[in-house]
Amino acid sequence: MNGNPAIDVRGVTKSFDGKVVVDHVALRVEPGEIYGFLGPNGSGKTTFIRMLCGLLKADGGEGTCLGFDFLTGSREIKSQVGYMTQRFSFYEDLTVQENLDFVARVYDLPDRRTTLERVLREHGLAGRRHQLAGGLSGGWKQRLALAACMLHSPKLLLLDEPTAGVDPKARRDFWESIHKLAAEGLTVLITTHYMDEAERCHRIGYLSYGRLLTTGTVNEVIAASGLHTWAASGPDLQGIVSRLTGKPGVEQLVPFGTTLHISGIDPIKLGEAIDPERKPGTDWQKIPSSLEDVFIHLMDSSRDNFP
Amino acid sequence: MRFFNFHRLAAIVVKEFIQMRRDRLTFGMMVGIPLIQLMLFGFAINSNPKNLPTAVVLGDNGPFVQTLLHGMKNSGYFEIRERLDESAAREALTLGRVQFVLTIPPDFARSLLRGDRPDILLEADATDPAATSNAISTMQELARSVWNRDLSGPLATLAGRPDPVNLIIHAKFNPEEITQYNIVPGLMGVVLTMTMVMITALAITRERERGTMENLLAMPTRPIEVLLGKIVPYILVGYIQVGLILAAAALLFHVPMMGSLLLLLAAAFVFIAANLAVGVTFSSVASNQLQAMQMSFFFFLPSLLLSGFMFPFRGMPVWAQYLGEIFPLTHFLRIIRGILLKGSGLHPTLVELGPIALFLLVALAVGVRRYRQTLD
């Protein structure tokens with residue numbers, strides 16, 4: 001890697017049937033970086049990824065992906081990108097090894113046998129090589145998909161909700177592999193809905209209604225939101241919710257198990273709003289806003305901006 | 001909890017109707033297939049074909065012959081197309097351009113008047129016995145009675161005999177008029193049409209339905225590689241079917257094999273490819289496997305009914321014949337029956353192969369255009 005960004009695109013736009021799905025998105029990802037793409041369902045994450053790897057033609061925009069023009073170089077880009085689809089998209093009626101062998105042949109890998117063995121070993125699939133892919137559990141399917149994406153040693157991994165429906169242990173293993181690969185210089189663009197996964201990314205971006213609303217490290221994103229949060233715990237949280245809803249300064253009330261997070265942009269108004277609720281038995285603490293608080297805030301406010 | 005609840009039943013019924021309405025194509029097929037069946041069975045199909053094209057070789061063209069020709073025409077079964085010399089007439093019969101050749105010997109009128117019972121020869125292309133049998137029995141009746149008016153007065157004695165002429169009928173290419181000889185080779189075309197179209201249509205649609213197409217497209221594969229890669233295995237399957245049917249035809253049904261099998265296998269290649277191309281085109285339009293299946297039937301049904309496999313091609317009205325000419329099966333039936341039963345060589349085979357090749361090109365062009373390299 002010579003320091004050129006792995007992804008450097010600007011003004012990327014795409015609409016379907018007159019509906020703008022991706023709206024002038026600019027994104028720059030450095031080599032070896034893990035970039036997390038967040039945003040509600042239908043916010044354009046998948047469409048953006050598909051445009052990057054040449055599955056969809058962008059309506060507008062410019063820039064490069066792995067040094068190739070992302071509008072015209074999709075052929076070169078495809079050969080150096082590993083794309084893991086949201087839905088398991090390998091052949092369920094083929095075994096693990098047969099699936100990988102198929103992919104290796106499609107990429108026309110020079111040393112197919114040894115590459116296959118290495119990848120099977122690295123991803124812990126050697127013991128299940130003769131199992132039908134359709135019979136694998138979610139976590140193992142995901143391992144297989146990742147292994148298949150890594151067969152041709154891509155420089156960029158595009159992962160579209162790779163951990164949806166995967167258990168926590170498998171998710172942790174998965175992220176360990178991703179970090180290991182990134183340390184070796186691989187660039188990763190990943191979409192997710194999980195906050196803990198977002199926090200594992202070097203940088204994140206939040207996409208809503210096709211627009212990139214914020215981007216930066218987790219701390220930068222939280223700081224930029226300007227959100228202040230109080231946590232309440234006590235006996236009558238539901239009562240607090242009903243009394244505070246709609247009060248000036250209170251923008252969101254989110255229950256987290258036994259605590260309630262109350263957030264707002266204006267700290268003074270927020271303080272005034274919760275003052276009447278400071279009763280004995282209820283514990284109030286000013287806490288740093290969590291990423292989840294910030295995202296819910298972004299989701300709510302973007303809904304107001306784009307009805 | 002009652003054992004059977006009508007509200008629950010209604011919930012499912014309503015849901016089915018909603019889904020049915022959403023799937024426009026399926027809905028269209030539900031209406032389209034009965035309509036097509038009705039049109040084909042009702043108007044196009046006729047198991048008693050008339051106006052069969054006939055060539056005549058006339059050694060004598062006198063009034064008696066004219067009477068016979070008029071009689072044949074008036075019967076409705078024969079349509080006298082052309083007057084040819086002997087070898088041209090035989091070629092027309094082999095190519096399938098005419099169904100019958102009538103040969104009148106020189107000196108026909110004189111022999112008739114002398115009471116010599118002159119020979120007249122009717123050669124029939126009997127590859128499809130159903131197409132010719134009614135016409136032949138009409139001809140036998142004509143030979144007995146067509147001259148009744150001419151042979152009146154002083155010539156009445158000639159008419160009184162059982163037959164004034166000696167009608168010789170050659171049922172060529174299938175002299176015993178065994179229906180299997182016609183059906184079994186035809187079945188090869190039918191089976192190939194059925195399986196080739198459906199298998200490819202399903203195979204590619206399945207790829208899309210299961211989401212594996214997205215993966216294929218994200219890899220550096222080109223559309224033509226994917227298409228050919230999906231087609232090649234089924235060409236092999238097609239040849240296995242060809243082999244099976246040929247073996248059964250020879251061993252079980254004793255179908256004669258007059259022509260070159262190599263030529264047949266070569267012609268089968270174009271035919272198989274044409275059907276696979278149709279399958280590919282369907283798969284690029286269908287969004288799920290059910291739709292692909294329905295489209296295959298939509299293609300298969302008229303192929304079967306209008307090709308001349310089930311009902312004589314010449315029995316259909318002209319518009320249906322034109323429609324039938326579009327389908328590869330129509331031409332392949334002529335090729336395989338020609339090669340096996342008539343011993344046809346390269347020329348008549350190429351004549352029928354042309355339309356199949358054209359069909360293949362059109363179907364492939366549509367298929368590749370519709371198959372999108374990108375998902376949008």
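In the largest nonpolar core of this predicted model, which comprises 88 residues, the members that touch the most other members are B:F100, B:A201, B:F271, B:A274, B:A277 and B:I336. A nonpolar core is here a set of buried Ala, Val, Leu, Ile, Met, Phe, Trp, Tyr and Cys residues joined through C-beta atoms within 7 Å, and a residue is buried if 20 or more other C-beta atoms lie within 10 Å of its own, exposed if 12 or fewer, and partly exposed in between, with C-beta atoms placed from the backbone. Because domain 1 (52-172) and domain 2 (179-370) of chain B both give residues to this core, it lies between them; the domain bounds come from an automatic or database domain assignment. Beyond its neighbours within four places in sequence, B:A277 is in contact (C-beta atoms, placed from the backbone, within 7 Å) with B:L360, B:A363, B:L364 and B:G367.

Residues are numbered from 1 along each chain as its sequence is written, and chains are lettered from A and ligands numbered from 1 in the order in which they are written. Local features need pLDDT of at least 70 and side-chain atom pairs count only at pLDDT 80 or more, whereas totals for chains, interfaces and linings use all residues.

Buried residues make up 38% of the 376 residues in chain B, and the C-alpha trace of this chain spans about 95 × 55 × 35 Å along its principal axes. Among the contacts in chain B with a separation of 6 or more, 80% join residues 24 or more positions apart. Chain A is divided into domain 1 (7-221) and domain 2 (228-288), whose C-alpha centres lie 39 Å apart.

Conventions. Two residues are in contact if their C-beta atoms, placed from the backbone, lie within 7 Å.
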